[in-house]
Amino acid sequence: MADDRRPLLIEIGTEELPPQALRQLMNAFRDDLVKELAEHRLAPEGVRAFATPRRLAVYIDGLEARQADERIERFGPKAAAAFDAEGNPTQAAAGFARSCGVGVEALEVEATDKGERLVWRGMQPGEAAEALIPGLAEAALGRLPIPKRMRWGAGEVTFVRPVHWVVALLGEAVIPGTILGVPTGRITYGHRFHGAGRSGLELDRPASYEGLLYERGYVIADFDERRQRVERGVHREAEAAGGSPVGDDALLDEVTALVEWPVALAGDFDPRFLAIPEEALIASMQGHQRCFPVRGDDGRLRPSFITVANIESREPQEVRRGNERVIRPRLADAEFFWQQDRRTPLAGRLEALRQVVFHRRLGDLRARSERISRLAGRIGERIGADVGAVQRAGLLAKCDLVTEMVDEFPELQGIMGGHYARADGEGEAVAQAIGAHYQPAFAGDALPDTAEGRAVSIADRLDTLAGIFAADGPPSADKDPFGLRRAGIGLLRCLIEGGHDLSLDELLEEATEALRTDCGVATDGIPGQVAQFCHERLRGYYLEQGHAPEVFEAVAAVVPASPLDFHRRLHACAAFRERPEAQALGEANKRIGNILRRAEAPPPPRPEAVEAGGEPAEQALAEALRKAWAQAQPRIAAGEYGAALTALAALHEPVDRFFTEVMVMAEDPEARRRRLELLGAVQQAFGAVADLSHLPG
């Protein structure tokens with residue numbers, strides 16, 4: 001069959017789609033539609049996705065117009081049951097033939113592992129693509145990540161938003177049918193207020209889609225192109241206002257998802273609002289208005305903002321003034337919250353925390369704050385922090401949860417607590433610790449800058465993990481309402497990246513003891529469960545950084561005393577793995593382990609106390625081990641595991657020679673004992689850092 005490929009366009013026109021999810025919906029529709037087409041033997045080439053506030057679309061440069069014919073092979077009843085004694089077909093044979101759409105004479109008999117059976121082989125003609133596409137598109141749309149679907153009108157169809165039009169073109173022809181209950185056609189719609197597209201634009205072919213919408217419909221259909229225009233416009237206006245815009249990729253995506261024809265405009269607000277903490281200003285402008293605040297070259301916010309309109313007005317100053325009128329009461333609300341909240345000192349809100357239940361079995365936030373304070377104080381003492389500041393910060397850390405500002409902007413919890421503590425004169429160390437104790441809040445987030453902040457952060461996460469494990473158990477595979485996975489990785493990062501050599505087991509024992517005393521919950525086995533949970537998080541932490549699983553397992557096998565100690569050993573082991581002798585030593589350690597297990601070897605002496613006797617190779621290994629251990633032991637004690645492994649690498653040649661020249665399982669019991677003890681001491685020396693037998697040979 002000659003290749004007959006045609007361009008395909010599917011566009012779903014809707015009411016305004018949720019802006020925070022638009023990029024995800026666009027990509028999911030593209031990926032699922034391509035998957036459906038490929039699974040139905042309609043291989044697509046040159047795929048592009050489009051999305052605006054009012055549409056999701058997929059364009060395919062080339063799609064097979066018809067499925068390829070498919071060779072069919074079907075096995076039927078056994079031959080013995082298919083024909084009678086005279087060789088006439090039975091009802092079983094006739095029924096099988098009918099199900100295949102052929103006569104009995106078209107069937108064959110073939111020997112199989114289950115005996116001789118009837119078989120039919122034929123070609124199933126491929127279906128036309130236009131007959132399949134509506135159903136495949138609906139299947140792809142049905143799998144979109146939509147948490148809550150809606151109905152509209154009198155129909156039963158559901159989607160993220162009501163659907164108003166559907167374009168479905170294969171080549172120059174409309175694909176007949178319906179998608180999501182809407183008849184397919186070739187009419188798309190442009191901007192609500194601009195251009196000729198408000199009453200409909202007729203598409204003659206798929207390739208004209210993007211250009212027609214741009215030239216006549218005032219719609220930039222390509223999400224990334226529209227985002228670039230938003231970003232350029234925002235930066236241009238911010239520079240004209242004397243600074244640079246404040247906003248992340250998520251805000252840029254959301255603004256892009258709100259406009260079809262972006263026009264960036266600058267606006268100003270009363271400088272008095274700059275007296276509010278800048279995080280509150282930013283949250284108000286970005287969260288409520290999707291505006292970009294402007295930061296001056298001095299690092300401070302300027303009384304300006306950038307908005308992105310969805311209209312190219314003949315009077316842009318009116319659009320600017322309208323946005324200024326809208327943003328003024330938002331900032332006034334933030335100012336009111338700031339002033340009202342400061343009337344009550346942060347410490348004065350401790351009693352209000354009694355009215356907020358943390359968990360039905362774990363008490364209220366006041367009790368939780370006291371646990372965090374005590375635990376943080378003990379941690380602070382171990383890491384050289386100001387214990388008084390740590391205890392005070394731990395006690396006040398949750399007080400901003402009952403302020404009006406945090407009630408309005410939950411993302412400012414902790415941050416506003418730091419500002420209120422500073423305004424109350426609590427001291428800079430206390431304020432900084434409160435302000436940063438939720439860090440790290442997400443992957444890539446910074447740690448608290450101060451030891452006091454890290455102490456409170458560690459205590460907060462320990463109390464959460466131990467408490468929820470004791471009250472509810474570990475999170476399920478798909479639900480983690482208390483963010484325990486995030487808490488686990490945040491705890492580990494604070495300990496490792498903060499450089500705090502603290503035993504996780506000891507910390508968890510202290511956290512569970514406080515819960516047992518204060519809340520009366522059963523905590524038997526909880527420290528071990530949480531430690532195992534954190535170990536799994538630690539594995540993912542290192543695998544994401546590119547470390548090999550076998551290196552992680554080599555270190556995990558020796559059960560390091562703390563996450564920081566684990567970190568040091570792992571990096572030393574990873575570096576050692578690149579040495580030329582690492583593979584041979586790994587194989588030797590594996591061989592030693594096998595020998596010792598089979599021989600039920602006696603406990604080995606310390607490496608420095610091995611006996612030297614018997615064969616020259618045995619004596620050479622014992623001497624090399626004593627020398628290597630003399631260099632490695634102080635390095636291990638100092639946590640300098642890389643230097644220790646470098647010293648132990650000198651055993652490479654003596655170990656090889658030993659296995660070449662020495663019979664370990666000698667008939668002489670004394671020689672056998674001595675040699676097994678020597679191998680045990682070698683294993684013990686390397687095992688002081690990691691179990692190298694896990695490294696691949």
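Trainee: Leaving aside its neighbours within four places in sequence, which residues is R568 in contact with?
Mentor: R568 is in contact with D501, G639 and Y641, where contact means heavy atoms within 4.5 Å. One caution before we go on: this is a predicted model, in which local features need pLDDT of at least 70 and side-chain atom pairs count only at pLDDT 80 or more, while totals for chains, interfaces and linings use all residues. Residues are numbered from 1 along each chain as its sequence is written, and side-chain values use heavy atoms, with hydrogens and water left out.

Trainee: Thanks! Which helix is R568 found in?
Mentor: R568 belongs to helix α20, residues 563-577. Helices here are DSSP runs of H or I with at least four residues, strands are E runs of at least two, and both are numbered from the N terminus.

Trainee: And is R568 buried, exposed or partly exposed?
Mentor: R568 counts as partly exposed because its relative accessibility is 36%. The cut-offs are under 20% relative accessible area for buried and over 50% for exposed, with partly exposed in between, using a 1.4 Å probe and protein chains only.

Trainee: How far apart are R568 and P448 in space?
Mentor: From C-alpha to C-alpha they are 21 Å apart, and in sequence 120 residues separate R568 from P448.

Trainee: Let's change topic. How many salt bridges does a search of the whole structure find?
Mentor: The search finds 60. A salt bridge here is a side-chain nitrogen of Lys or Arg within 4 Å of a carboxyl oxygen of Asp or Glu.

Trainee: Are R227 and D253 buried or exposed?
Mentor: R227 is buried, and D253 is buried too. Both also belong to a network of salt bridges that links R23, D224, R227, E231, D249 and D253.

Trainee: What about R272 and D270, how long is their salt bridge from N to O?
Mentor: That one is 3.3 Å. R272 counts as partly exposed at 42% relative accessibility, and D270 counts as partly exposed at 37%.

Trainee: Which residue forms a salt bridge with E581?
Mentor: R579 does, and the closest N and O atoms are 2.9 Å apart. E581 is buried, with a relative accessible area of 12%, whereas R579 counts as partly exposed at 28%.

Trainee: Okay, on to helix packing. At what angle do α13 and α14 pack?
Mentor: Helix α13 (residues 415-423) and helix α14 (residues 428-436) pack at about 165 degrees, with axes 7 Å apart. So α13 is roughly antiparallel to α14. Axes are lines fitted to C-alpha atoms, for helices over the stretch in contact, and angles run from 0 to 180 degrees between N-to-C directions. Under 35 degrees counts as roughly parallel, over 145 as roughly antiparallel, 65 to 115 as roughly perpendicular, and the rest as oblique.

Trainee: Which residues of α13 and α14 meet?
Mentor: On the α13 side they are I415, G417, G418, A421 and R422, and on the α14 side E428, A431, Q432, I434 and G435. These contact residues divide into four nonpolar, four polar and two charged. Ala, Val, Leu, Ile, Met, Phe, Trp, Tyr, Cys and Pro count as nonpolar, Asp, Glu, Lys and Arg as charged, and the others, Gly among them, as polar.

Trainee: And how close do the axes of α18 and α19 come?
Mentor: The axes of helix α18 (residues 526-544) and helix α19 (residues 549-556) come within 10 Å and cross at roughly 140 degrees. That makes α18 oblique to α19. H535, L538, R539, Y542 and L543 of α18 make the contact with P549, F552, E553 and A556 of α19.

Trainee: Last one: where does H547 lie?
Mentor: H547 sits in the loop between α18 and α19. H547 is buried, with a relative accessible area of 15%. Not counting residues up to four places away in sequence, H547 touches Y542, L570, H571 and A574.
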